[in-house]
Amino acid sequence: MDYFKGIDPELVNWVIIPVLIFLARIMDVTLGTLRIVFISKGDKVIAPLLGFVEVLIWLVAITQVMQNLSNFASYFAWAAGFATGNFLGLRIEQKLALGQVVVRVITVDSGEQLIYRLAGRGYRLTALDAKGTRGKVNLLFMIVKRKKLQEVIQIIRDYNPNAFYSIEDVRSVSETEMPEEEGKHRLGIWRLFPLRKGK
(Lines give C-alpha, C1' and ligand atoms only; values in the text may rest on other atoms or scores of the structure.)
Protein backbone atom coordinates (compact mmCIF):
# COMPACT_ATOMS: atom_id res chain seq x y z
CA MET A 1 0.00 0.00 0.00
CA ASP A 2 3.06 2.31 0.03
CA TYR A 3 2.18 3.39 -3.49
CA PHE A 4 -1.15 4.77 -2.30
CA LYS A 5 -0.06 6.83 0.72
CA GLY A 6 -2.34 9.76 1.33
CA ILE A 7 -5.27 8.14 -0.46
CA ASP A 8 -8.37 6.97 1.37
CA PRO A 9 -7.88 3.21 2.09
CA GLU A 10 -11.50 2.48 1.20
CA LEU A 11 -10.99 4.09 -2.20
CA VAL A 12 -7.83 2.07 -2.71
CA ASN A 13 -9.42 -1.25 -1.71
CA TRP A 14 -12.72 -0.90 -3.53
CA VAL A 15 -11.83 1.16 -6.58
CA ILE A 16 -8.14 1.57 -7.40
CA ILE A 17 -6.96 -2.01 -6.76
CA PRO A 18 -9.92 -3.61 -8.64
CA VAL A 19 -9.44 -1.25 -11.58
CA LEU A 20 -5.73 -2.11 -11.76
CA ILE A 21 -6.53 -5.83 -11.59
CA PHE A 22 -9.14 -5.40 -14.31
CA LEU A 23 -6.71 -3.57 -16.63
CA ALA A 24 -3.87 -6.02 -15.95
CA ARG A 25 -6.18 -8.94 -16.66
CA ILE A 26 -7.31 -7.39 -19.92
CA MET A 27 -3.71 -6.99 -21.03
CA ASP A 28 -2.51 -10.47 -20.10
CA VAL A 29 -5.54 -12.30 -21.55
CA THR A 30 -5.37 -10.24 -24.74
CA LEU A 31 -1.70 -11.13 -25.09
CA GLY A 32 -2.54 -14.76 -24.32
CA THR A 33 -5.14 -14.88 -27.06
CA LEU A 34 -2.73 -13.39 -29.57
CA ARG A 35 0.01 -15.77 -28.39
CA ILE A 36 -2.21 -18.77 -29.17
CA VAL A 37 -2.86 -17.37 -32.63
CA PHE A 38 0.86 -16.97 -33.31
CA ILE A 39 1.51 -20.48 -32.00
CA SER A 40 -1.10 -21.87 -34.40
CA LYS A 41 0.72 -20.06 -37.21
CA GLY A 42 4.02 -21.65 -36.19
CA ASP A 43 5.70 -18.38 -35.15
CA LYS A 44 8.80 -19.10 -33.06
CA VAL A 45 9.71 -15.52 -32.11
CA ILE A 46 6.63 -13.43 -31.37
CA ALA A 47 4.76 -16.19 -29.47
CA PRO A 48 7.47 -16.65 -26.77
CA LEU A 49 7.84 -12.89 -26.32
CA LEU A 50 4.10 -12.46 -25.88
CA GLY A 51 4.13 -15.36 -23.41
CA PHE A 52 6.83 -13.72 -21.33
CA VAL A 53 4.99 -10.39 -21.06
CA GLU A 54 1.68 -12.19 -20.49
CA VAL A 55 2.94 -14.19 -17.51
CA LEU A 56 4.70 -11.15 -16.04
CA ILE A 57 1.47 -9.14 -16.06
CA TRP A 58 -0.47 -12.15 -14.72
CA LEU A 59 1.90 -12.44 -11.74
CA VAL A 60 1.36 -8.77 -10.88
CA ALA A 61 -2.42 -9.18 -11.08
CA ILE A 62 -2.60 -12.40 -9.06
CA THR A 63 -0.36 -10.88 -6.38
CA GLN A 64 -2.86 -8.07 -5.88
CA VAL A 65 -5.75 -10.53 -5.67
CA MET A 66 -3.95 -12.65 -3.09
CA GLN A 67 -3.27 -9.55 -1.01
CA ASN A 68 -6.95 -8.62 -1.09
CA LEU A 69 -8.68 -11.96 -0.54
CA SER A 70 -11.41 -10.37 1.56
CA ASN A 71 -12.35 -7.95 -1.21
CA PHE A 72 -14.95 -9.42 -3.59
CA ALA A 73 -14.44 -6.45 -5.94
CA SER A 74 -11.02 -7.92 -6.77
CA TYR A 75 -12.62 -11.22 -7.81
CA PHE A 76 -15.17 -9.40 -9.94
CA ALA A 77 -12.43 -7.32 -11.56
CA TRP A 78 -10.41 -10.50 -12.25
CA ALA A 79 -13.35 -12.22 -13.98
CA ALA A 80 -14.43 -9.12 -15.89
CA GLY A 81 -10.88 -8.51 -17.08
CA PHE A 82 -10.61 -12.12 -18.26
CA ALA A 83 -13.83 -11.88 -20.29
CA THR A 84 -12.93 -8.49 -21.75
CA GLY A 85 -9.41 -9.66 -22.60
CA ASN A 86 -10.78 -12.61 -24.57
CA PHE A 87 -13.10 -10.36 -26.53
CA LEU A 88 -10.42 -7.74 -27.18
CA GLY A 89 -7.84 -10.35 -28.18
CA LEU A 90 -10.18 -11.86 -30.75
CA ARG A 91 -11.07 -8.44 -32.14
CA ILE A 92 -7.40 -7.53 -32.53
CA GLU A 93 -6.68 -10.86 -34.21
CA GLN A 94 -9.52 -10.27 -36.66
CA LYS A 95 -8.19 -6.82 -37.47
CA LEU A 96 -4.66 -8.13 -37.99
CA ALA A 97 -6.00 -10.90 -40.27
CA LEU A 98 -2.82 -12.96 -40.01
CA GLY A 99 -1.98 -15.93 -42.19
CA GLN A 100 -3.74 -17.64 -45.05
CA VAL A 101 -6.97 -19.56 -45.48
CA VAL A 102 -8.12 -22.17 -47.95
CA VAL A 103 -11.43 -21.39 -49.64
CA ARG A 104 -13.46 -24.21 -51.18
CA VAL A 105 -16.31 -23.29 -53.49
CA ILE A 106 -18.96 -25.71 -54.79
CA THR A 107 -21.31 -24.47 -57.45
CA VAL A 108 -23.98 -26.24 -59.50
CA ASP A 109 -23.98 -23.52 -62.16
CA SER A 110 -21.06 -23.06 -64.50
CA GLY A 111 -18.10 -21.57 -62.65
CA GLU A 112 -16.43 -20.04 -65.73
CA GLN A 113 -17.43 -16.46 -64.94
CA LEU A 114 -16.38 -16.84 -61.30
CA ILE A 115 -13.07 -18.42 -62.31
CA TYR A 116 -12.40 -15.64 -64.78
CA ARG A 117 -13.12 -12.94 -62.21
CA LEU A 118 -11.01 -14.51 -59.45
CA ALA A 119 -8.10 -15.26 -61.76
CA GLY A 120 -8.37 -11.77 -63.21
CA ARG A 121 -7.97 -10.33 -59.73
CA GLY A 122 -4.70 -12.28 -59.34
CA TYR A 123 -5.90 -15.27 -57.31
CA ARG A 124 -4.54 -18.70 -58.14
CA LEU A 125 -7.08 -21.46 -57.97
CA THR A 126 -7.75 -25.03 -59.02
CA ALA A 127 -11.05 -25.95 -60.65
CA LEU A 128 -12.39 -29.49 -60.88
CA ASP A 129 -15.47 -31.19 -62.24
CA ALA A 130 -17.14 -33.15 -59.45
CA LYS A 131 -20.37 -34.98 -58.72
CA GLY A 132 -22.70 -34.18 -55.86
CA THR A 133 -25.89 -35.83 -54.63
CA ARG A 134 -27.90 -33.75 -57.11
CA GLY A 135 -25.62 -34.12 -60.11
CA LYS A 136 -22.55 -32.44 -61.57
CA VAL A 137 -20.91 -29.56 -59.74
CA ASN A 138 -17.83 -27.37 -60.11
CA LEU A 139 -15.30 -27.50 -57.27
CA LEU A 140 -12.85 -24.64 -56.76
CA PHE A 141 -9.88 -24.58 -54.38
CA MET A 142 -7.86 -21.49 -53.59
CA ILE A 143 -5.52 -20.21 -50.89
CA VAL A 144 -5.73 -16.50 -50.05
CA LYS A 145 -4.41 -14.17 -47.41
CA ARG A 146 -6.96 -13.48 -44.70
CA LYS A 147 -6.73 -9.77 -45.48
CA LYS A 148 -8.16 -10.56 -48.92
CA LEU A 149 -10.86 -12.95 -47.71
CA GLN A 150 -13.75 -10.47 -47.70
CA GLU A 151 -12.92 -9.45 -51.27
CA VAL A 152 -12.97 -13.09 -52.39
CA ILE A 153 -16.28 -13.75 -50.63
CA GLN A 154 -17.81 -10.67 -52.24
CA ILE A 155 -16.70 -11.85 -55.70
CA ILE A 156 -18.23 -15.27 -55.05
CA ARG A 157 -21.52 -13.74 -53.94
CA ASP A 158 -21.61 -11.33 -56.88
CA TYR A 159 -21.00 -13.95 -59.55
CA ASN A 160 -22.73 -16.93 -57.98
CA PRO A 161 -24.96 -16.10 -54.98
CA ASN A 162 -26.07 -19.74 -54.66
CA ALA A 163 -22.53 -21.13 -54.46
CA PHE A 164 -21.58 -23.03 -51.31
CA TYR A 165 -18.20 -22.15 -49.85
CA SER A 166 -16.17 -23.14 -46.80
CA ILE A 167 -13.13 -21.50 -45.25
CA GLU A 168 -10.38 -23.12 -43.21
CA ASP A 169 -7.20 -21.79 -41.63
CA VAL A 170 -3.89 -22.88 -43.13
CA ARG A 171 -0.74 -23.05 -41.02
CA SER A 172 1.69 -22.63 -43.89
CA VAL A 173 1.82 -22.79 -47.68
CA SER A 174 4.66 -23.14 -50.14
CA GLU A 175 3.35 -20.28 -52.27
CA THR A 176 0.56 -17.69 -51.97
CA GLU A 177 -1.57 -16.06 -54.62
CA MET A 178 -0.14 -13.82 -57.30
CA PRO A 179 0.40 -10.15 -56.50
CA GLU A 180 -2.57 -7.99 -57.42
CA GLU A 181 -0.47 -6.09 -59.98
CA GLU A 182 0.21 -9.30 -61.89
CA GLY A 183 -3.47 -10.11 -61.80
CA LYS A 184 -4.27 -6.74 -63.37
CA HIS A 185 -1.89 -7.43 -66.24
CA ARG A 186 -3.50 -10.79 -66.88
CA LEU A 187 -7.05 -9.48 -66.77
CA GLY A 188 -7.01 -8.21 -70.35
CA ILE A 189 -5.54 -11.36 -71.90
CA TRP A 190 -7.24 -13.93 -69.65
CA ARG A 191 -9.62 -14.99 -72.41
CA LEU A 192 -6.64 -16.10 -74.51
CA PHE A 193 -5.53 -18.49 -71.75
CA PRO A 194 -8.63 -20.03 -70.18
CA LEU A 195 -8.15 -22.12 -67.04
CA ARG A 196 -8.35 -25.81 -67.80
CA LYS A 197 -10.68 -27.65 -65.48
CA GLY A 198 -9.82 -31.04 -64.11
CA LYS A 199 -11.46 -34.15 -65.49
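Of the 199 residues of the protein chain, 37% count as buried, where buried stands for under 20% relative accessible area, exposed for over 50%, and partly exposed for what lies in between (1.4 Å probe, protein chains only). The model is a predicted one, in which local features need pLDDT of at least 70 and side-chain atom pairs count only at pLDDT 80 or more, while totals for chains, interfaces and linings use all residues. Numbering starts from 1 along each chain as its sequence is written, and side-chain values use heavy atoms, with hydrogens and water left out.

**Layout of the chain**

The secondary structure comes to six helices and four strands. Helices (H or I, at least four residues) and strands (E, at least two) are DSSP runs, numbered from the N terminus. Read from that end, the elements follow the order α-α-α-β-α-β-β-α-β-α.

**The strands**

Let us begin with strand β1, residues 100-107, which is mostly covered: six of its eight residues are buried. Two strands are taken to pair if DSSP finds at least two bridges between them. With strand β3 (residues 135-145), β1 runs antiparallel and is joined by eight bridges; V105 stands opposite L140 of β3. With strand β4 (residues 164-170), β1 pairs in the antiparallel sense over seven bridges, and here Q100 stands opposite V170.

Strand β3 also has β2 as a partner: eight bridges join the two, and they run antiparallel. L125 has M142 in β3 as its bridge partner. A hairpin of two residues connects β2 to β3.

**Salt bridges**

Side chains of opposite charge can pair when their charged atoms come close. A salt bridge here is a side-chain nitrogen of Lys or Arg within 4 Å of a carboxyl oxygen of Asp or Glu, and a search of the whole structure finds five of them. The table shows some of these, including the pair in helix α1.

| Salt bridge | N to O distance |
|---|---|
| R25 and D28 | 2.9 Å |
| E168 and R104 | 3.2 Å |
| E151 and R121 | 3.2 Å |

R25 and D28 both lie in helix α1, three residues apart, about one turn of the helix. Both of these residues are buried.

The bridge of E168 and R104 brings us back to the strands. E168 lies in β4 and R104 in β1, so the pair ties together parts that are 64 residues apart in sequence. E168 is partly exposed at a relative accessible area of 42%, and R104 is partly exposed too, at 27%.

E151 counts as partly exposed at 25% relative accessibility, and R121 is partly exposed with a relative accessible area of 24%.

**Aromatic rings**

A pair of aromatic rings is described by the distance of the centres and the angle of the planes. Rings of Phe, Tyr and Trp (its six-membered ring) pair if their centres lie within 6.5 Å, and planes under 30 degrees apart count as stacked, over 60 as edge-to-face and the rest as tilted. By this rule there are two aromatic pairs. One of them is W58 with W78, an edge-to-face pair at 6.5 Å centre to centre and 70° between the planes. W58 belongs to helix α2 (residues 46-67) and W78 to helix α3 (residues 72-96), so this pair ties together parts that are 20 residues apart in sequence.

R25 lies over the face of W78, at 4.1 Å from the ring centre; a charge sits over a ring if NZ of Lys or CZ of Arg is within 6 Å of the ring centre and within 35 degrees of the ring normal. R25 is also the residue that forms the salt bridge with D28.

**A nonpolar patch**

I7, L11, W14, V15, V19, L23, M66, L69, F72 and Y75 form a nonpolar patch on the surface, with about 930 Å² of accessible area together. Patches are made of residues with over 30% relative accessible area and no salt bridge, like charges being joined within 9 Å and nonpolar side chains (Val, Leu, Ile, Met, Phe, Trp, Tyr) within 5 Å. The areas come from the Shrake-Rupley method with a 1.4 Å probe, and for residues only the protein chains shown count as cover.

Helices α1 (9-40) and α3 each supply at least two residues of the patch, and α1 gives the most, with five. M66 lies in helix α2 and counts as exposed at 51% relative accessibility.
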